[in-house]
Amino acid sequence: MRRAGRERHSGWRGAATVALVAMAGGCAGAQETSPIPPARPDAKVAAMTAEAGSAGEAVPMPPVSPAGFEAWRDGFRARALGEGISAATFDAAFAGVEIDPDIVRLDRHQPEFTRRIWKYLDSAVSPTRIANGRGKAAEQAAALAEIEAEYGVDRAAVVAIWGLESAYGAVKGSTPVMRGLATLAYDGRRRAFFEIELLAALRILEAREIAPAGLIGSWAGAMGHTQLLPSNYLRYGVDVTGDGRRDIWGADPRDALGSTANYLKSFGWTLGQPAVRRITLPAGFDYGLADQSVRRPVAEWQAMGIRAADGSALPAAAEVAVLLPAGAAGPAWLAYPNFRVIKRYNNATAYALGISLLAQEISGEGMGVAGLDWPRGDRPLTRDEKMLLQRSLTAQGFDTQGVDGRIGPNTQKAVRAFQAAAGLTPDGYVTEALLKRVVAGG
């Protein structure tokens with residue numbers, strides 16, 4: 001027996017999305033325990049960054065008020081009751097719920113440095129995580145075969161998400177979901193989003209899916225073995241065990257694994273198709289085409305001279321992109337449609353590549369990750385440096401469409417245009433050397 005909720009899902013997914021939005025590497029099971037010590041920035045760049053002002057610093061926000069929280073809670077109670085939540089359910093769920101300053105601090109914190117993708121992958125696709133994933137895949141072989149047949153999602157991908165989200169169930173979070181979501185909703189920075197998740201959590205309690213004391217997750221409200229937000233639990237949660245409950249929190253991971261497969265299925269997962277394949281690029285390749293928005297059939301990429309790195313045949317597919325997460329100096333992959341499906345679970349490229357490679361290693365189809373040729377001497381830019389880069393590019397006519405300290409598609413497009421104009425390889429990859437070149441005016 002399987003049943004799925006019918007709630008509409010939100011555009012966000014889980015705690016890892018919150019933590020990885022800057023590609024810093026994020027889920028509880030995949031994080032490293034200490035940041036990478038940054039190299040000292042170039043003196044000229046540092047001086048210009050300081051001269052640009054403090055726009056890149058975290059803006060202090062007013063302290064939270066217990067009295068204000070109570071007023072917000074009472075107003076939210078009226079809304080919840082108006083949407084069908086019983087007074088008994090609401091009052092039981094909010095009993096003892098107070099503002100958690102640690103959660104406010106976590107949500108407001110803007111890390112000064114982010115990790116390069118290879119540091120994230122060192123942890124995400126570590127030998128220990130691969131070995132544990134193979135062991136868990138064998139342990140849950142019967143359930144995973146059933147889930148794969150039911151939802152048409154490769155079992156190794158489901159196991160890989162389990163591994164990165166909670167270290168195969170070892171780190172599922174210890175924060176009461178109502179406390180975490182209520183704190184974030186009241187704090188106001190993303191009130192509308194977290195109030196939606198709060199209502200979803202209340203519906204879970206209203207349906208008696210779990211008792212209030214058992215509704216535990218991450219500080220941002222993601223829950224269970226595969227860290228689903230409440231709204232996505234309601235929409236995609238399934239009962240694999242047939243006991244009449246969708247239990248993603250307990251020791252048995254089967255309902256969580258099935259729910260994750262159901263999520264991936266809903267966004268178009270193709271069974272048997274890779275998420276990525278490592279490739280070699282031909283001499284003279286146009287690096288301006290190495291953009292996730294540039295999608296072509298595999299046959300067209302092959303006609304340009306692209307080949308599988310291991311010499312095997314590349315699986316045919318339409319809408320495939322060339323992925324160069326470290327620019328021309330790093331390894332290359334073809335990103336298949338399943339890669340974009342993984343990004344619906346978490347939109348960070350680092351996360352999606354980590355899942356893709358871990359799944360390949362768990363299934364025995366990987367090419368290994370230890371020998372990948374990354375430019376490990378590159379340091380990540382600070383947020384202020386990224387903002388300086390954006391300002392400088394825009395001032396020179398390469399519009400980044402805003403200054404936010406994040407290297408997104410618009411900034412990468414501007415970087416490529418600058419690189420092409422300066423006679424550099426237009427791969428869109430941002431380094432300290434590039435920043436100094438931009439600051440110097442080309």
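Predicted model: local features only at pLDDT ≥ 70, side-chain atom pairs only at ≥ 80, totals over all residues.

Colleague: What share of the residues in the protein chain is buried?

Modeller: The protein chain has 442 residues. Its accessible surface comes to about 18,700 Å², with 52% of that belonging to carbon and sulfur atoms. The buried share of the residues is 51%.

Colleague: Among contacts between residues at least 6 apart in sequence, what percentage joins residues at least 24 apart?

Modeller: The set to consider is the contacts in the protein chain between residues at least 6 apart in sequence. Within that set, the part joining residues at least 24 apart is 72%.

Colleague: Which residue follows H10, and what is its phi?

Modeller: The phi of the residue after H10 is positive, near 95°. That residue is Gly188.

Colleague: How are H3 and H10 oriented to each other?

Modeller: The axes of H3 (residues 66–82) and H10 come within 10 Å and cross at roughly 100°. Gly68, Phe69 and Trp72 of H3 meet Ala182, Ala185 and Tyr186 of H10. Those contact residues divide into five nonpolar, one polar and no charged. Angles of 65 to 115 degrees count as roughly perpendicular, so H3 and H10 are roughly perpendicular.

Colleague: Are H8 and H13 roughly parallel or roughly antiparallel, and how many charged residues does their contact have?

Modeller: The axes of H8 (residues 141–151) and H13 (residues 254–266) come within 10 Å and cross at roughly 25°. An angle under 35 degrees counts as roughly parallel, so H8 and H13 are roughly parallel. The contact is made by Ala143, Leu144, Ile147, Glu150 and Tyr151 of H8 with Arg254, Leu257, Gly258, Ala261, Asn262 and Lys265 of H13. These divide into six nonpolar and two polar, and the charged residues number three.

Colleague: Is the crossing of H8 and H13 left-handed or right-handed?

Modeller: The handedness concerns the way H8 passes H13. The crossing is right-handed.

Colleague: In which hand does H17 pass H18, and which residues make the contact?

Modeller: The axes of H17 (residues 383–395) and H18 (residues 409–421) come within 10 Å and cross at roughly 55°, which makes H17 oblique to H18. The crossing is left-handed. The contact residues are Leu389, Gln390 and Leu393 of H17 and Thr411, Ala414, Val415 and Phe418 of H18.

Colleague: How do the residues of the contact of H17 with H18 divide?

Modeller: The classes are nonpolar, polar and charged. The division is five nonpolar, two polar and no charged.

Colleague: Is Thr431 buried or exposed, and which residues does Thr431 touch?

Modeller: Thr431 is placed in the loop between H18 and H19 (432–439). Its relative accessibility is 14%, so Thr431 counts as buried. Leaving out residues up to four places away in sequence, Thr431 touches Arg116, Asp378 and Leu381.

Note on methods
Residues numbered from 1 in each chain as written. Heavy atoms only, no water. Buried < 20%, exposed > 50% of the residue type's maximum accessible area, 1.4 Å probe, protein only. Contact = heavy atoms within 4.5 Å. Areas by Shrake-Rupley, 256 points an atom, 1.4 Å probe, with all protein chains shown as cover. Axes fitted to C-alpha atoms, helices over the stretch in contact; angles between N-to-C directions. Helix = DSSP H or I, 4+ residues; strand = E, 2+ residues; numbered from the N terminus. Parallel < 35°, antiparallel > 145°, perpendicular 65-115°, else oblique. Left-handed = near helix turned anticlockwise from the far one by under 90°. Nonpolar A, V, L, I, M, F, W, Y, C, P; charged D, E, K, R; others polar.
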